[in-house]
Amino acid sequence: MAEKRDYYEVLGVAKSATAEEIKKAYRKKAIQYHPDKWSTASEQEKKDAEEKFKEAAEAYDVLSDENKRARYDQFGHQGLGGPGGGGYSYNGSMDDILSHLNDLFGGFGGFGGGSIFDSFFGGGGSSYGESSAPRRVGGNLRMNVKLTLNDIANGCDKKLKYTRYVACQHCNGTGAKDGNAFSTCTTCKGKGRVMHAQRTMFGGVQQVISTCPDCEGEGKRITTKCPHCNGEGIVRKEEITTVHIPAGVVGGMQMPIEGKGNAPRRGGEYGDLYLFFSEEKHPDFERRGNDIVYNLLLDYPTAALGGTVEIPTLDGTAKIKIEPGTQPGKRYGLRGKGLPTYNRHGLGSLVVNVSVYIPEKLSRDEKQRIEAMRDMNDIKPTAEAKARVWEQSKNIFEI
Ligand SMILES: [Zn+2]
Ligand SMILES: [Zn+2]
């Protein structure tokens, strides 16, 4: 088993954190790794998220308990006992953790959905308002979006086609026939919560309030299922939606589209659709941050005699004046011809990197002409030129 991580590190808080800070940090982790958020991720991602989720629950379990925290602070993981002195291990199941979370934070509906990524995109602050009734949030969806450098340079509108769960219209997402075939839940007598005894780590018994398992906290049960969604309250639907992708995004960035994910079963908030960006390779350019690099392969006479060449840019073409005696490794920077920065003004540069083409196939006549050049006085590199070109070529790696 892997080395146990430090509980403070798991929650991302300082050793001196207050109970409130610890609670806040736990809530943040819980949102981040909440199973609902990962319902459409790959199996591996789901597994990783679940591990992190459990790890956070364990850390919170210890750090929120004054006694356990004191022992942990003094003796580390060893101080918490456990079989063979190997440290503490939280044995709550996912369901336990989820129900505990609901009790602690009053469900996840109050989180404002998708707020974890808001800071990434400079969005508004997250709303941490607590709600008393558990509210369900539908799963998030993810979608890969390929962008060309032109898309990134100018921003673009992408038409997305995907399938998601939406609330069934016939029952208004409730799952009950016509939206009203309900009766009061007998297990919790309509309260939505039940008390039950739970054994603690140290052999004691404590009363725990959790969400009613029979009505999932609703306080009512469906008497007749909606025939259109078979009582689920959701149906599959193909969506076509156009989203604007701002200029300057970077491959690997994610963008949440709020409310465009799945509807949860039997009512609640929609999840989000996360767009994952990747960049398509451009035939002419390579991206380096906000700069784009173009490799200009000059023919030998132009490099030697100078001239004007036309190069492609993201929005057309540009002309560059080549000085006589231009060496491979020479670089031109065209300011403002690169990419914009996300959420900021300013453009990168188009960096033109010069190489000189040495002919590979020559006719007999051409060979003779070049042969004649061999003995020319000025065709041999001087020591000074060697040093200069060496310096230049080193810069190629420092764009
Ligand atoms: Zn229905
Ligand atoms: Zn109930």
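Predicted model: local features only at pLDDT ≥ 70, side-chain atom pairs only at ≥ 80, totals over all residues.
A salt bridge here is a side-chain nitrogen of Lys or Arg within 4 Å of a carboxyl oxygen of Asp or Glu.

Residues are numbered from 1 along each chain as its sequence is written, chains are lettered from A and ligands numbered from 1 in the order in which they are written, and side-chain values use heavy atoms, with hydrogens and water left out.

**Stop 1**

Select Arg388 and Glu384. They form a salt bridge, with the closest N and O atoms 3.2 Å apart. Both residues belong to helix 9 (residues 383–395) and sit four residues apart, about one turn of the helix. Helices (H or I, at least four residues) and strands (E, at least two) are DSSP runs, numbered from the N terminus. Now colour by accessibility, where buried means under 20% relative accessible area, exposed over 50%, and partly exposed in between (1.4 Å probe, protein chains only). Glu384 is exposed at 52%, while Arg388 is partly exposed at 36%.

**Stop 2: other salt bridges**

The structure holds 21 salt bridges. Lys54 is partly exposed at 32%, and so is Glu50, at 33%.

Then pick Arg136 and Glu216, a salt bridge whose closest N and O atoms are 3.2 Å apart. This pair links distant parts of the chain: Arg136 is in the loop between helix 5 (94–105) and strand 1, and Glu216 is in the loop between strand 5 and strand 6, 80 residues apart.

**Stop 3: the zinc ion, ligand 1**

Show ligand 1 with the residues around it. Donors are N, O and S atoms within 2.8 Å of the metal (3.2 Å for Na, K and Ca); water is not among the atoms, so sites may look incomplete. The protein donors are the SG atoms of Cys168, Cys171, Cys226 and Cys229, lying 2.3 Å from the zinc ion. Their spacing along the chain is C-x2-C-x54-C-x2-C.

Why is the arrangement tetrahedral? The four donor atoms subtend angles of 104 to 116°, and four donors count as tetrahedral if all angles lie between 85 and 135 degrees. Cys168 is buried, with a relative accessible area of 1%.

**Stop 4: the zinc ion, ligand 2**

Move to ligand 2, coordinated by the SG atoms of Cys185, Cys188, Cys212 and Cys215 at 2.2 to 2.3 Å. Angles of 101 to 117° make this arrangement tetrahedral. The donor residues are spaced C-x2-C-x23-C-x2-C in sequence. Cys185 lies in the loop between strand 3 (182–184) and strand 4 (193–199), and Cys212 in the loop between strand 5 (205–211) and strand 6 (220–222). Cys185 is buried at 1% relative accessibility, and Cys212 is also buried at 1%.

**Stop 5**

Switch to cartoon view and find the open sheet of three strands in the order 1-9-8, with mixed pairing. Two strands pair if DSSP finds at least two bridges between them. Strand 1 (141–147) and strand 8 (254–257) are the edge strands, each pairing on one side only. Strand 8 pairs with strand 9 (residues 273–279) in the antiparallel sense over four bridges. To see a bridge, select Ile257 and its partner in strand 9, Leu273.

**Last stop: helix 2**

Finish at helix 2 (residues 19–33). Its buried residues include Ile22, Ala25 and Tyr26.

Conventions:
Tetrahedral: all angles 85-135°; square planar, octahedral: opposite > 155°, others 65-115°. Expected span 1.5 Å × (residues − 1).
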